[in-house]
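Open the model in your viewer and keep the selection panel at hand. The stops below tell you what to select and what is there.

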Protein chains: 2
Amino acid sequence: MPQDVDLVIVGAGPAGLMAAMWAAVYQLKTIIIDKRESRIVNGHADGLQSRTLEILHSFGFGDQIYKEASLMQEVCFWNPDSYGVIRRTDRIPDTIPGTSRFQQSVLHQGRIENYLFDFIERTSSEVSVMRPAKPLTIDVDESAIESEDAYPISVRVECLSHNQPNGTSSAQENAEVGENEIRCKYLIGCDGAHSWVGRQIGLVMEGEQTASIWGVMDVVPITDFPDIRMRCAVHSANSGSIMIIPRERGLVRLYIQLTDIRPARGERFDKSMGSPSLIFDAAKKILQPYSLSYDYLEWWTIYQIGQRVGNTYAKFDRIFLAGDAVHTHSPKAGQGMNVSMHDTYNIGWKLGAVLNKTAQRSILKTYESERRPIAQQLIEFDTKFSYMFSGRPAKDLADEAGISMEDFKATFQKGNDFTSGLSVRYGACKIVAQEHHKSASADPAIPKSVLQLGSRLPSFQVVCQCDATPIQLGDVLKSDGSWRLLVFPGDLRHEASMQRLKNLGERLDRSSPCGFPFLTENCVQPILIHASPRREIELFDLPKAFYCGSAAGNGGFDYYRIFADDESYHQGHGHAYENYGVDKERGLVVLVRPDQYTSWMGGLEDLAEAERLLSGILRR
Amino acid sequence: MPQDVDLVIVGAGPAGLMAAMWAAVYQLKTIIIDKRESRIVNGHADGLQSRTLEILHSFGFGDQIYKEASLMQEVCFWNPDSYGVIRRTDRIPDTIPGTSRFQQSVLHQGRIENYLFDFIERTSSEVSVMRPAKPLTIDVDESAIESEDAYPISVRVECLSHNQPNGTSSAQENAEVGENEIRCKYLIGCDGAHSWVGRQIGLVMEGEQTASIWGVMDVVPITDFPDIRMRCAVHSANSGSIMIIPRERGLVRLYIQLTDIRPARGERFDKSMGSPSLIFDAAKKILQPYSLSYDYLEWWTIYQIGQRVGNTYAKFDRIFLAGDAVHTHSPKAGQGMNVSMHDTYNIGWKLGAVLNKTAQRSILKTYESERRPIAQQLIEFDTKFSYMFSGRPAKDLADEAGISMEDFKATFQKGNDFTSGLSVRYGACKIVAQEHHKSASADPAIPKSVLQLGSRLPSFQVVCQCDATPIQLGDVLKSDGSWRLLVFPGDLRHEASMQRLKNLGERLDRSSPCGFPFLTENCVQPILIHASPRREIELFDLPKAFYCGSAAGNGGFDYYRIFADDESYHQGHGHAYENYGVDKERGLVVLVRPDQYTSWMGGLEDLAEAERLLSGILRR
């Protein structure tokens, strides 16, 4: 008897678990198939972008990870002086100040996965993990692809022994030993480089390997190098480069260029040739004249740099690929785990909304159109960055074979915007309005600012009208599947602004026959941010749409959807209108997707436009 | 066979659990005896002072409680106008801005206790809970009181059934059914009002009951009262008063004066006369003309106001009393749970240090001398506050029988300093230096500022020298049993300051024969906060004493005890020297107790004085 589920996820790494987080939020019946016997406990990826922390925080626990992680504040550049001795030549902030409340951080993948598992377990009992297990075949009934209630995908899975060497597996990580047949509506392949799922749907990885070989070690270093707790890019004169990444628990990750090993172009390096002592000896040479040793080594590996992107991300809009399965590159910029999680953060809510029948199936097409260009940008950045980091520093201006350290720093600095994950901008599509798609009245209201269609809404502090508590607007935009209509009516002490808000409030009134549709609990949630002094506004003078309906479901109102852009008692003023560039006279309405990307912007009178856009996305 | 343990704690409420947290930190073998069948799940205390949150955060989880709690930002005063209709007459911040990074908050006692239990469980396996259980007798072998390794106290305990009605008990909350005999070195009675332990040692509670009867209800209110999510003090013209305390999960706690019930002076009120409808009808009358109803009631009770303090806090310095056992008063100012936890936060580290043989037994005398005066202050405040809150508002200046609402607000506002728990100042004693006890050289260096002998060290932001991360100095002063020597050497770009620091560094060098004693891992920890730009100081130019010895115990250095009072990249400047009032030319050294209270202050040359003080406290 096959088991029928909504979703099968192949691979319980960061990409697979992020997909499973959405599955938990939407209460989808889900099975994750993972080949590993247990969770990983050390090594692997560790970089966390600002944007990834924002995303994790939208599930409620980004702050906990941030507390445990090692924060990257400063990057130090060490380059050879005219005698060939390394010197600190520059320092820059690792995250561009003002772009996010979370800075670039590092924490090893196993800990991050644990946080994701914990969220899944406390949110839903519908998600289970089968491990160690491997999929054997995938069959798709093509005739049922557009049929809503069908299970068109069949997966045969072999569940291996239950020999679990450590205690990191939970009760949900079990299954019957032997062959299982699972039928599902959708499947996501998050099974890493050389993806098995990818092979089943004819994936071709486009791109190539370079000849550059690097080692990675996680150690507790004993050293007189003064910047060992800073992120450092060290170029030695002739011995190659090191990237230093300080980590949690006194650990430091070293990315070490192995200049003595040079495979022929196009050939793969044989990993068995590497060893910790070979790698560490290279590190010592690069860091001379500073001493370097260790008593404790936690993890190491060796890799060859290459950059590849998959030619396709989906088949039949039923099977999707994400993460390393569709993009591989060098790990030094700390991008892999992030871009992988962002892939499934994108497809996850779309699948959830389609499966719970609030959205139209056609939105699934936007997964590839939104995410593949990001992978291409990543590969482009990584190619340039890796080339410059692996190159020998130029001795002087005439040394054209060498890399200019000024150019390297400039690339690094420019890359910071990209590597934070904050600069992602999805183009106009079914779920993002076109720039020119504005009514005459809205046009001048739309700010030239950090608010951009297709970009994630940045967070600024506002103050709760009901209890004067300062809160980051980002904390309101939780990943619970809701779309949000952020209404910025301006200063409500002005009669015209209040009247405009009241007119809008009538349209948002559920009981009104000409009301705005889509306002059911988990579809579109109206949120109000006014620009008046909090103490000069009375809560119950504002439209009911912004407080009716109790969040806790035990009577009373939901008081936490009305905010003032005002001074707080203890944490200053967030200046949200100014930061977002919203005109206090005209006001603005912003439609925000469940993943916090801006879908539409317009004036308070332009709600019909938002309704038109949503008619192509949501179901009534 | 009696069981031998270091410590017995009677009562698993907030006071008992705070004692158990220290027991866990010091790995004391400890048994908690609790009469309840399981943990509490609703009602009871809920107020959390700023200082309590600081204390909980020093164990590592104050921020989590803060995130879950409802923060009190503003107090609104509602008083009758000349027509007798209640109006909002004023608003003030609930916590005085600038005094703490944590503001007054509320969360129900059961949730807070769960956080404490979780800490205990993950920190030590030596602490267990016996419940439901009651102590039968206490016997003390007076001949063994001063004997270090003896177990002079015998307790017979009856452990009742294991019938646990809900799943909130952990594996550690079990014991053999029947009579158990326990021998222990120390015992703390945290068994609440009418303390059984108190009766065994002849406790007399001094003070009296008033005639004022109040009801308490935790409901999700349905109301058009606009400030229902604010803390409100409402005085009606003739129907009594309400205190409104917004809580987590949409709940609101209402303290409701029951003016219709007036027991004769000196008599106790019969609780069975109360009911939710009786209390709620009184609330409705007070809040007129606003509507008030509810669908969900979580908890209610009724109480008579009285203020009492115990005549003694300890016997033989072997048995101690804490919390409601030695002070009872009205709950409206949200003080009870806080002052109770502070009692055992005080005795806990002292007992831990005596039991692990790093401190002298004589410091235990300071428990009563430090904590009893605080209870007396509390009772004095509560008497005045309760009288004013229970009184009828004066109609005009001539109405002398009424309470002036201006006076009430002034009392409230003045009380905020006390009720935050931040104004506690322990007097000079064995563990706090006397004001006049200063050498000539130190005298002018000691600032007139927030730094005061016997007061808790406030927290300001500094920047880690090693990795540029901004951190609250309060986060460094963890409750791990360490004393700290905070060294403020000033701006190290000045040669004289650097030289003074180097001289001090030599004295702090463990390998030096004339070195400062007490520097073993958990005794006195040196911490450096310099006033130079971080980027102009090299870590390894600073004395070894501030980085030698790895915290994680896996090699390497402890890089996180050196800080700069400098600008951070993303979170501004903490201005620690300015805020503490430390002179950048002269510098300052501050000796801080394990509970973050200041023990001694002096110049960088005055270390001998600190040594002299510590010789009377610690053991070598």
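Select B:Cys466. This residue is buried, with a relative accessible area of 3%; buried means under 20% relative accessible area, exposed over 50%, and partly exposed in between (1.4 Å probe, protein chains only). The model is predicted: local features need pLDDT of at least 70, side-chain atom pairs count only at pLDDT 80 or more, and totals for chains, interfaces and linings use all residues. Residues are numbered from 1 along each chain as its sequence is written, chains are lettered from A and ligands numbered from 1 in the order in which they are written, and side-chain values use heavy atoms, with hydrogens and water left out.

A disulfide is a pair of cysteine sulfur atoms within 2.5 Å.

Next, select B:Cys232. It is buried, at 0% relative accessibility. Its closest cysteine sulfur is in B:Cys76, 4.7 Å away, so a bond is ruled out by distance. Across all chains, a search of the whole structure finds 0 disulfides.

Move to chain A and select residues 461-464. This is strand β20 of chain A, and it pairs in the antiparallel sense with β21 (residues 470-472) of chain A over 3 bridges. Strands (E, at least two residues) and helices (H or I, at least four) are DSSP runs, numbered from the N terminus. Two strands pair if DSSP finds at least two bridges between them.

Show A:Gln461: opposite stands A:Gln472 in β21(A). The two strands form a hairpin with 5 residues between them. In the turn, pick A:Ala468, which has a positive phi of about 65°.

β20(A) has another antiparallel partner, β24 (residues 562-564) of chain A, joined by 2 bridges. Here A:Cys464 stands opposite A:Phe563.

Now show both chains. How many residues of chain B are in contact with chain A? The count is 49, touching 49 residues of chain A; contact means heavy atoms within 4.5 Å. The chains bury about 4000 Å² between them, 52% of it on carbon and sulfur atoms. Buried area is the accessible area (1.4 Å probe) that two parts lose on being put together, summed over both.

Last, select B:Lys67 and A:Asp63. They form a salt bridge, with the closest N and O atoms 2.9 Å apart. Between the two chains the count is 6 salt bridges, each a side-chain nitrogen of Lys or Arg within 4 Å of a carboxyl oxygen of Asp or Glu.
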